[in-house]
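Subject: Structure handover

Hi,

Here is the structure I promised you. Please open it alongside this message. My notes follow below.

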Amino acid sequence: QVQVVESGGGLVQAGGSLRLSCAASETIFSINAMGWYRQAPGKQRELVARITSGGPGGRTNYADSVKGRFTISRDNTKNTVYLEMNSLKPEDTAVYYCNAATIIADYWGRGTQVTVSS
């Protein structure tokens, strides 16, 4: 079973930046992909960004709403995935969850709150 633990959330003003971290308990190479999802109050959980484990840097994809502002990256030596969030907007406010997708199952962290004030 893979355990994932998020960190780095907090309160920031609009236009500011935050970096989220997600540490996995197993080597990233045993995980097909890792991603960041978010859920705002009263809304469904949505994909924010995802990175695959294959290749030197992995393939990435982003929600349209964060393209050009957020960057997902990974550090294989630390089994960690990062989400760099810039130019934050109040609508980015949500609980952000890390997901690790393996052949067997998907594993979720408990989430970290990101609040962007206007």
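Which residue in S3 is the bridge partner of serine 7? The partner is serine 21. Please keep in mind that this is a predicted model.

S1 and S3 run antiparallel and share four bridges. Strand S1 covers residues 4–7. Val4 and Glu6 sit on its covered face. Val5 and Ser7 sit on the uncovered one.

Now the sheet. S1 and S3 belong to an open sheet of four strands, in the order S1-S3-S8-S7. The pairing in this sheet is antiparallel. S1 and S7 are the edge strands, each pairing on one side only. On average, neighbouring strands here are turned by 15 degrees against each other, ignoring direction. As background, strands of a sheet pair through backbone hydrogen bonds, either parallel or antiparallel.

Next, the disulfide. How many are there? The count is one. Cysteine 22 and cysteine 98 form it, with their sulfur atoms 2.0 Å apart. The bond joins distant parts of the chain: cysteine 22 lies in strand S3 (residues 18–24) and cysteine 98 in strand S9 (residues 94–101), 76 residues apart. Are these two cysteines buried or exposed? Cysteine 22 is buried, and cysteine 98 is buried too. The torsion about their S-S bond is about -85 degrees, so the disulfide is left-handed.

Then the core. The largest nonpolar core has 28 residues. Met34, Trp36, Leu83, Met85 and Tyr96 touch the most other members. Several strands supply at least two residues each, among them S3, S9, strand S4 (33–39) and strand S8 (80–85). In soluble globular proteins, nonpolar side chains tend to be buried together.

Finally, the chain as a whole. The protein chain has zero helices and 11 strands. Buried residues make up 44% of its 118 residues. Of the contacts with a separation of 6 or more, 51% are between residues 24 or more positions apart. The C-alpha atoms fill a box of roughly 40 × 25 × 20 Å along the principal axes. The radius of gyration is 13 Å, which agrees with the value near 13 Å for a compact globule of 118 residues.

Best wishes

Definitions and conventions. Residues are numbered from 1 along each chain as its sequence is written. This is a predicted model: local features need pLDDT of at least 70, side-chain atom pairs count only at pLDDT 80 or more; totals for chains, interfaces and linings use all residues. Side-chain values use heavy atoms; hydrogens and water are left out. A disulfide is a pair of cysteine sulfur atoms within 2.5 Å. Buried means under 20% relative accessible area, exposed over 50%, partly exposed in between (1.4 Å probe, protein chains only). Two strands pair if DSSP finds at least two bridges between them. A nonpolar core is a set of buried Ala, Val, Leu, Ile, Met, Phe, Trp, Tyr and Cys residues joined through side-chain atoms within 4.5 Å. Axes are lines fitted to C-alpha atoms, for helices over the stretch in contact, and angles run from 0 to 180 degrees between N-to-C directions. The radius of gyration is taken over C-alpha atoms; the globule rule is 2.2 Å times the number of residues to the power 0.38. Contact means heavy atoms within 4.5 Å.
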